[in-house]
Amino acid sequence: MGKFDLTIIGGGVGGLVAASGASQFGAKVALIEKESLGGDCLHYGCVPTKTLVHSARLISLMQRSSEFGLNPVKVDFEFRKIMEHMREVQRKVGEHDDPKRFEKMGIKLFFGKGGFKDTHTFEVNGTDIKSRKFLIATGSRPVKLPIPGLDKVDTLDNIKILALNRLPESLLVMGAGPIGMEFAQVFKRFGSKVTVIEKAGQILPREEKEISDRLEGILKREGMEIITCVETKRVEQSGNKKIVVAGCSGKEKRFEADELLIAIGRAPNIEGLNLDKIGIQTTSKGIVVDDTLKTTVSNIWACGDVTGMFPFTHMAEYEAGIVIGNALFPFVNRKMDKTVVPWTTFTDPELARVGLTEDEARKEYGDIKVYRYPFSEHDRAIIDGETEGLIKLICDKKGKILGAHILGVGAGDLINEYIFAMKNNLPVQKISQTVHIYPTMGQVVKRGADQYYKEKLFSGWFPKVARFLMKFK
């Protein structure tokens with residue numbers, strides 16, 4: 001079959017984007033996938049979880065009907081049907097990842113497990129695939145932590161929980177990162193009694209603490225129990241109950257539930273690839289790459305979760321675009337921009353972030369400016385009854401945006417304007433000077449940026465000079 005220009009190992013978002021892009025440039029492309037195309041995002045991540053988030057939000061809105069002047073609504077649903085709906089959405093979205101679609105592009109597909117024989121040969125199901133360049137995009141998977149007793153208890157992870165057809169009466173979530181918090185709120189709204197335990201001193205430990213603390217308060221008011229600073233000692237099972245024994249504020253405490261969701265720990269999918277045999281350096285987090293996403297072997301690149309850097313679908317897509325140019329064209333040497341990396345936790349309200357937190361910015365830049373704008377002051381948020389939220393912007397003294405954090409309904413959409421500004425070195429003043437349509441939620445982005453001028457106009461020397469100048473005719 002000859003030698004391929006680029007062979008991609010892994011049929012998730014990164015691999016599919018790279019395969020289709022390279023084929024459009026006229027490259028001879030092979031794509032190897034051990035199971036089915038679509039990757040974690042389609043099967044266990046973004047698509048099914050956001051479908052559940054949407055169903056849970058509809059339940060919440062119906063329960064709030066009296067807030068909008070409606071008579072109380074009886075909320076009636078079956079958990080089984082919600083899960084069936086989720087799987088139907090997966091099927092529809094999965095049509096985009098139909099193997100026939102990629103075969104029509106001229107991409108040669110191979111299904112099965114395999115490993116490198118040398119730096120130009122990958123063997124799968126007894127077939128040697130020769131290629132000038134390779135891209136490893138095999139993703140990651142959940143792993144169990146070395147907690148005493150955990151391996152003896154039947155627990156859930158982000159894969160197993162999506163296979164449930166019966167709603168658990170109680171759910172204990174270990175880990176308050178994005179996966180843990182999204183599932184926690186979803187199952188609380190479905191009717192489970194939910195408890196979240198987290199080792200760090202806040203939920204969503206990577207987020208701006210002021211923002212995550214606000215979200216924690218909102219979730220607690222929904223009836224969720226959240227306990228931070230928890231040091232898990234061991235896991236047990238008594239009958240059908242899962243039990244976590246932990247240390248909390250110096251005291252031992254037992255947490256018990258019908259189901260235990262482990263939402264801590266991811267591992268790169270690199271087993272069996274023979275990476276050490278061909279000289280590719282790895283760590284416990286993933287494959288080591290440079291800023292061009294090249295591995296320690298000159299003709300092999302890696303992107304997506306398998307690198308352990310940014311476990312987001314949109315980053316895998318972005319990284320795949322960089323690899324296409326670098327791998328196919330010898331004079332291209334694109335480097336990834338690690339300063340503008342956005343993400344969103346899809347709780348309700350959403351929490352979106354790009355750039356630095358306030359503490360990170362102070363350590364790096366020293367003198368900074370922090371601007372805040374609450375959703376409770378915004379007309380459209382009041383109209384929609386969605387006033388739980390806050391925009392927090394971190395800027396330097398000249399208005400350069402160092403970080404943007406939004407808690408609020410639609411935060412993942414709203415933050416894109418700040419991302420664009422940061423990527424193109426546009427100061428916060430440019431957003432403030434741009435007309436935004438009233439009354440839209442998009443205008444809340446401008447209101448956040450307006451705080452720059454609000455501080456300038458109503459503090460310091462400017463008001464005094466303005467009053468002096470207004471005395472003249």
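The model is predicted, so local features need pLDDT of at least 70 and side-chain atom pairs count only at pLDDT 80 or more, while totals for chains, interfaces and linings use all residues. Residues are numbered from 1 along each chain as its sequence is written, and side-chain values use heavy atoms, with hydrogens and water left out.

Select residues 4–9, which form strand S1; strands (E, at least two residues) and helices (H or I, at least four) are DSSP runs numbered from the N terminus. Because 5 of the 6 residues of S1 are buried, the strand is largely enclosed by the rest of the structure; buried here means under 20% relative accessible area, exposed means over 50%, and partly exposed lies in between, with a 1.4 Å probe and protein chains only. The chain passes from S1 through helix H1 (residues 13–24) to S2 in a right-handed β-α-β crossover, meaning that, with the strands pointing away from the viewer, the path from the first strand over the helix to the second runs clockwise.

**A buried glutamate**

Move to glutamate 198, in the loop between strand S9 (193–197) and helix H7 (209–221). Glutamate 198 is buried yet has no salt bridge, and the nearest side chain of opposite charge, lysine 199, is 8.4 Å away; Lys and Arg count as positive and Asp and Glu as negative, with His and the chain ends not counted. Leaving aside neighbours within four places in sequence, the contacts (heavy atoms within 4.5 Å) of glutamate 198 include Gly175, Pro205, Ile227 and Cys229.

**Salt bridges**

The structure holds 39 salt bridges, each a side-chain nitrogen of Lys or Arg within 4 Å of a carboxyl oxygen of Asp or Glu. Select glutamate 88 and arginine 91, whose side chains meet in one of these at 2.7 Å, N to O; being 3 residues apart in helix H4 (residues 79–94), they are separated by about one helical turn. Then display lysine 241 and aspartate 258, whose salt bridge has an N to O distance of 2.6 Å. This pair links distant parts of the chain, 17 residues apart, with lysine 241 in strand S12 (residues 241–248) and aspartate 258 in the loop between strands S13 (251–257) and S14 (259–262). Lysine 241 is partly exposed, with a relative accessible area of 29%, whereas aspartate 258, at 15%, counts as buried.

**The open sheet**

Finish with the open sheet of 5 strands, which has the order S17-S18-S21-S20-S19 and antiparallel pairing. Its edge strands, S17 (343–345) and S19 (369–374), each pair on one side only. Strands S20 (residues 390–395) and S21 (residues 401–408) run antiparallel and are joined by 6 bridges, with leucine 390 standing opposite leucine 407 in S21. Helix H13 (residues 416–423) packs on the sheet, touching strand S18 (350–355), S20 and S21, and its direction makes about 175° with that of S21; axes are lines fitted to C-alpha atoms, for helices over the stretch in contact, and angles run from 0 to 180 degrees between N-to-C directions.

Methods
Pairing = 2+ DSSP bridges.
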